[in-house]
Amino acid sequence: WGPGRAAAGATGAAGAAGAAGAGGVGGGQRRRPEYVPGQISDPGYVRIFDTTLRDGEQSPGATLTSQEKLAIARQLAKMGVDIIEAGFPIASRDDFAAVSQIARLVGNETDEHGWTPVICGLSRTKFDDIDRAWEAVKEARNPRVHTFIATSEIHMQQKLRMTPDEVVASAVKAVEHIRGLGCSDIEFSPEDAGRSDPVFLYRILAEVIKAGATTLNIPDTTGWNMPSEFGALIAKIRDNTPGADGVVISTHCQNDLGLSTANSLAGAVGGARQLECTINGIGERAGNASLEEIVMAIKLRGEDQLGGLWTGIETTHIAPTSRMVSEFSGMVVQPHKAIVGANAFAHESGIHQDGMLKSKDTYEIMSPETIGLVRQDDAGIVLGKHSGRHAVRTRLEEMGYPLEGTALDSIFERFKDLADKKKGGVVDSDLEALVTEGRGNEGAVWEVLDAQIVCGTMGLPTATVKMRGPDMVPRVASAVGTGPVDAATKAVDSIVGLPAELTDYRVNGVTEGIDALAQTRIVIAPLQDSEATMTSQGRRRLQEYSGVGSHSDIVVSSTRAYVSALNKLINALKLRQEAERSAAAEEEEAAGVPAPAAN
């Protein structure tokens with residue numbers, strides 16, 4: 001598993017910038033090696049393991065619904081991710097249901113090349129965890145169970161309160177139990193490997209290989225390692241662990257010192273052929289290694305600096321996927337974030353602008369089109385109130401949002417309404433805001449028809465809201481609040497009848513100017529007790545629901561966002577009730593209780 005040499009790809013900044021998916025499935029240059037657990041036929045191929053739906057969702061404040069997780073999983077599959085870690089099934093019933101749905105649907109969908117991603121579920125070395133994880137992923141075409149236990153001295157003594165021998169025994173029994181369930185694709189992680197005794201790592205890794213592990217993941221759990229240190233650790237594990245030449249070695253690097261991408265690449269140079277990462281680098285504390293940074297570094301420098309490494313990622317899907325994860329999770333991408341930040345392809349300095357006008361290669365090592373962005377000034381289409389459906393659909397497709405049918409109808413209706421109000425035309429960011437709201441309202445139960453708010457220094461803020469519910473009957477309610485948004489949410493509550501606590505509220509101006517579109521994100525938590533989710537670190541947190549709304553009026557935008565969040569809460573409660581009824585029916589059937597007679 002040395003770095004190896006692969007077929008020649010784009011070399012140099014200009015060549016790499018012009019390549020369309022160099023090495024990826026969609027690049028037309030190489031075909032991804034057939035998936036075999038524990039083996040990769042091409043020594044230069046690097047598997048991309050995305051854990052956005054598991055470790056990424058553990059970011060403080062990030063909560064995803066089942067449907068949002070499914071949409072992200074489908075986008076990851078479209079992008080060509082090799083392994084999707086769909087969640088931690090033992091965490092809650094909702095987590096189990098989400099992982100099961102992804103395994104059943106995304107885990108059996110193939111692209112035009114016949115490729116289907118591996119669907120992975122995380123577990124501790126406890127048998128209950130393992131059984132739950134396997135139950136969740138087993139319907140996938142390529143299921144994997146990922147189990148872990150801590151191996152650093154501080155974790156074994158202070159957290160686990162186990163001896164090294166007990167830790168080894170627990171790891172071996174876990175892997176054997178997974179194999180006994182019928183799973184042949186098993187990943188094992190020694191948590192906090194970056195601070196573990198290397199000799200102990202060789203020992204425990206050798207034992208889990210003998211027990212049947214096919215992938216060994218080496219986590220820098222606390223982001224402690226330096227790149228040279230971590231790369232050397234991977235190389236030492238390859239050289240000193242019996243059986244390591246028959247498995248795939250992986251990395252999972254946290255970003256506490258800002259070194260997660262550098263450590264991941266150092267690990268790949270040291271012989272790792274699976275790199276674990278998340279979209280936008282979201283995750284615990286300071287986050288994880290960023291998928292887009294790892295993939296583009298390998299794409300641009302893999303041939304000349306990384307020994308011929310390449311991935312199967314179709315990079316033109318990076319930008320749309322980044323936006324989707326940011327929208328759904330509420331984790332805003334910092335403007336100067338590499339690859340996907342708002343300023344990544346912006347040039348303000350006069351010297352830089354002069355160079356860009358002469359040749360874009362002067363200051364850009366990749367073109368925005370490579371990651372799925374199209375510059376507004378290069379598009380040739382100016383959208384306004386006279387634009388038709390075809391122009392809007394074409395522009396959305398160029399931006400990575402291929403919409404048809406009712407989804408396009410809804411966006412086009414909102415577009416025409418916005419175009420009538422905006423003097424300067426509708427730009428890409430406006431369209432993105434409309435798409436964001438549209439995706440957040442899929443499966444909506446309640447819809448805001450009209451909203452009127454009266455506020456100021458002359459009286460109490462008052463809101464009147466007209467809504468339509470599941471029975472399609474319009475309802476109107478008014479309420480007084482401490483402010484316009486408070487009044488609007490109270491009016492909504494009086495109609496919907498499911499009051500919730502507003503836990504986060506953010507408003508962003510989508511564009512500049514007095515007629516700018518406002519985009520609001522609201523996070524709510526149900527007032528009644530809600531089932532908590534457990535993270536892989538053993539923390540418990542209550543489920544929250546986010547909604548996004550957009551309008552030129554901030555209060556109308558806020559009202560739409562609040563209703564969007566309520567719709568997600570209502571749908572989640574429905575799914576939970578259906579699951580409880582189904583479980584009760586199965587228990588009654590198992591106990592021999594006859595089903596109620598049909599009317």
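Good morning. A residue is called buried when its relative accessible area is under 20%. By that criterion Ser123, at 0% relative accessibility, counts as buried.

Let me begin with confidence. The mean pLDDT of the protein is 85, and 84% of its residues reach 70 or more. Residues 1-28 have a pLDDT below 50, although this stretch has 81 contacts in the model beyond near neighbours in sequence. Where pLDDT is low, the predicted coordinates should not be read in detail.

I return now to Ser123. This residue belongs to strand β3, which covers residues 118-124. Which residues does Ser123 touch, not counting those up to four places away in sequence? They are Phe88, Asp129, Ile130, Ala133, Val145, His146, Thr147 and Phe148.

Leaving aside neighbours within four places in sequence, Ile83 is in contact with Arg47, Ile48, Phe49, Asp50, Val118, Cys120, Arg144 and Gln274. Ile83 and Pro117 are 34 residues apart along the chain, yet their C-alpha atoms are separated by 5.6 Å.

Next, strand β7, residues 248-253. Why can β7 be described as largely enclosed by the rest of the structure? The reason is that six of its six residues are buried. In a regular strand the side chains alternate between the two faces of the sheet. For β7, both faces are covered: on one side Val248, Ser250 and His252 are buried, and on the other Ile249, Thr251 and Cys253 are buried. Strand β7 also pairs with strand β6, residues 215-220, in the parallel sense over six bridges. One of the residues involved is Thr215, whose bridge partner in β7 is Val248.

Finally, let us turn to the surface. Here Leu502, Tyr505, Val507 and Ile554 form a nonpolar patch with about 300 Å² of accessible area together. Which element contributes the largest share of this patch? It is strand β12, residues 500-509, with three residues. Leu502 lies in β12. With a relative accessible area of 35%, Leu502 falls between the limits of 20% and 50% and is therefore partly exposed.

Thank you for your attention.

Conventions:
Residues are numbered from 1 along each chain as its sequence is written. This is a predicted model: local features need pLDDT of at least 70, side-chain atom pairs count only at pLDDT 80 or more; totals for chains, interfaces and linings use all residues. Side-chain values use heavy atoms; hydrogens and water are left out. Patches are made of residues with over 30% relative accessible area and no salt bridge: like charges are joined within 9 Å, nonpolar side chains (Val, Leu, Ile, Met, Phe, Trp, Tyr) within 5 Å. Accessible areas come from the Shrake-Rupley method with a 1.4 Å probe; for residues, only the protein chains shown count as cover. A salt bridge is a side-chain nitrogen of Lys or Arg within 4 Å of a carboxyl oxygen of Asp or Glu. Helices (H or I, at least four residues) and strands (E, at least two) are DSSP runs, numbered from the N terminus. Buried means under 20% relative accessible area, exposed over 50%, partly exposed in between (1.4 Å probe, protein chains only). pLDDT is the predictor's confidence in each residue, from 0 to 100. Contact means heavy atoms within 4.5 Å. Two strands pair if DSSP finds at least two bridges between them.
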